[in-house]
Amino acid sequence: MNKYIPVIGLEIHVELKTKSKMFCQCRADYFAKKPNTQTCPVCLGLPGALPVPNKKAIEWVQKIGAALDCKLRPHSKFDRKHYNYPDLAKGYQISQYDEPFAVNGRVTVCNPRNKTKKSFGITRVHMEEDTAKLTHRGSGTYVNFNRSGVPLVEIVTEPDFHNADDVKMFLEELQVIIRYLDVSDADMEKGSMRMEPNISLQKITNDRSQITKKSELPNYKVEVKNINSFRFVKQAIEYEIKRQTEILEKGKTPVQETRGWDDKKNKTYSQRSKEEAQDYRYFPEPDIPPFIFEENYLDEVGVSLPELPQEKIDRYIADYKVRESDAFVLTRSRKLAEYFEKVVSISKKPQQVANLIINKKISIDLTPEKFCQKVEALLSPKVTDRKMLSETVKKTIVDNPKVVSDYKAGKKNVLMFLVGQVMKAMKGRADANLVRQQLLENIL
Amino acid sequence: MGKKILSREEILHLAGLAKLHLSDEEINKYQGQLDETINYIKNLEELDTSKVVPTNSVVDLKNVTFEDGAENKKGLTVGESLSNTKETEKNEFAVKRIM
Ligand SMILES: [Zn+2]
């Protein structure tokens, strides 16, 4: 039996795809742009420049908060988080400390493989600005400010995860939700979605293996950065569980620190000791007045959300009687789910349509109307031209003497080959059972 | 001089956060100056502030924003953007390698 239970929390960063940056009017789409071509005094951190928040970015962070079942705060503000690093020209990042836009959420994720549902707490969702991009070459570090000031949403979960599989499942669901909201590409390779798990191990003191109270959490936390795929998150967590178990077995405590993930060596490595929150010397951003939201406005954010993947799954099962695993596959992208719904609204055969989409029997590039016509053609009983069938069967037997003798020698599965040949010659216009029957009658 | 409020270690920690390298003489100097600052702010303790709401902003404004996609009137060219720095390479700001 394991002596330790992993306690894992997550920080996820998502870049919003607004047109403008978070606090200035520079363009936010920095991907593949020439270095330092999308800058201004604000995002370069020049003295005296004044930040003004992007309205849409705030609406979108609230949308994300509402989709994660958070409470949207009626009062919110920005704070300065101080640290010195070349990616941050001002010496501080505009972020949020004690009044984030959204708090106390929950995400329920269904696992279609074992039909279980698990739910994970969301601590907070806050708005901040991305930093400049650093490249290291030779003896230098090079700074490109195109990314500086791009709207960045930070989602923090409760330490509710106890294994790497649940983390991966949750992150995949989160990515789907964000994409449903159409506020970010949430593309890990491009860096518009980044995740940092923090991992520690809790010793099991007796057979009550539940960890619920914060006071019982381990006295250290290891954060892993630089992970750019779901697979690597899983590997990094599994590596850390093993590494920390070994340290604890020796009677020591793992160092509280930030580690990086090396995807070539499949290892985490020490980066730096983590600053305490007090070292960031947070204080309210004096250049940005606070935000006060009316109740009506906040209610409207929740109402305006699209139907989310989990809600769609529940509806497909309840109303369409579609298998849960199929409902899961169909809802992984909003576009696919909406296509499925359109086809079903015409054809009224949900499970069959689901099968045809998932097995790619009919192309989803067709219009929903065309798709339905194909559904009808495929599902309607075959009218077989008996005379043509009889001729085709005879010809197929004559043309394939080797296969026929194999069949007679006991290789029963070669019959399928003959059925296939007949069907091909009939261009699919024959009932497969009838073909089979005719072949058997003629071979014997 | 009375008892120091900030220890030598605390001064060094703060200097570290600000990326300052202090000589022994400077440590003493800063220790004195920061103690003086803290003592000055401590004067507030003479007042009853229990009913005072913390001041997050001194201006009487709220919800100040701009519309996404608004025209960028303050954008800089690469040349302007790099004009205040000594070291550049291929249109990027260059600093001593940090990793
Ligand atoms: Zn700018």
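1. Which side chain meets that of R315(A) in a salt bridge? The partner is E307(A), with N and O 2.8 Å apart. The model is predicted, and every value below is computed from it. R315(A) is partly exposed, because its relative accessible area of 24% falls between the cut-offs of 20% and 50%. E307(A) is also classed as partly exposed, with a relative accessibility of 27%.

2. Next, the total. Over all chains, the structure holds 38 salt bridges. Side chains of opposite charge can pair when their charged atoms come close. The pairs described in this note include one across the chain interface and some within a chain.

3. K77(A) and D79(A) form another pair in chain A. Their side chains meet in a salt bridge, N to O, at 2.5 Å. Are these two residues buried or exposed? K77(A) is buried, and D79(A) is buried as well.

4. Chain B has a salt bridge between D24(B) and R8(B). The closest N and O atoms are 3.2 Å apart. D24(B) is exposed, since its relative accessible area is 53% and the cut-off is over 50%. R8(B) has a relative accessible area of 38%, so this residue counts as partly exposed.

5. Chain A also has a linked set. E15(A), D130(A), R147(A) and R194(A) are joined into one network by salt bridges that share partners.

6. Now the interface. How many residues of chain B are in contact with chain A? There are 36, and they touch 47 residues of chain A. About 3700 Å² is buried between the two chains. Carbon and sulfur atoms give 55% of that area.

7. Polar links across the interface come next. Between chain B and chain A, 19 residue pairs are in polar contact, both residues being at pLDDT 80 or more. The rule finds two salt bridges across this interface. One of them joins the side chains of K55(A) and E67(B), at 3.5 Å from N to O. On the chain B side, α1 (8-17), α3 (78-82) and β2 (92-96) each supply at least two of the residues that touch chain A. Which of the elements of chain B gives the most to this side? It is β2(B), with five residues.

8. S81(B) deserves a look. This residue sits in helix α3 of chain B. S81(B) is buried, because its relative accessibility is 5% and the cut-off is under 20%. Neighbours within four places in sequence aside, S81(B) is in contact with N36(A), T39(A) and L44(A) in chain A, and with L76(B) and F93(B) in chain B.

9. Y269(A) lies in strand β14 (residues 267-273) of chain A. With a relative accessible area of 32%, Y269(A) is partly exposed.

10. Two lysines have positive phi values. Where is K321(A) found? K321(A) is in the chain A loop between α5 (309-320) and α6 (324-330). Its phi is near 55°, positive in a residue other than glycine. K321(A) is exposed, with a relative accessible area of 63%. K90(B) has phi near 45°, again positive in a residue other than glycine. K90(B) lies in the chain B loop between β1 (88-89) and β2. At 66% relative accessibility, K90(B) counts as exposed.

11. Last, N296(A). This residue is in helix α4 (residues 295-303) of chain A. N296(A) is exposed, because its relative accessible area is 64%, against a cut-off of over 50%. How far apart in space are N296(A) and N114(A)? They are 41 Å apart, C-alpha to C-alpha, and 182 residues apart in sequence.

Terms used. Residues numbered from 1 in each chain as written. Chains lettered and ligands numbered in written order. Predicted model: local features only at pLDDT ≥ 70, side-chain atom pairs only at ≥ 80, totals over all residues. Heavy atoms only, no water. Helix = DSSP H or I, 4+ residues; strand = E, 2+ residues; numbered from the N terminus. Buried < 20%, exposed > 50% of the residue type's maximum accessible area, 1.4 Å probe, protein only. Contact = heavy atoms within 4.5 Å. Buried area = accessible area lost by both parts, 1.4 Å probe. Salt bridge = Lys/Arg side-chain N within 4 Å of Asp/Glu carboxyl O. Polar contact = N/O pair within 3.5 Å; in protein donor to acceptor, adjacent residues only side chain to side chain.
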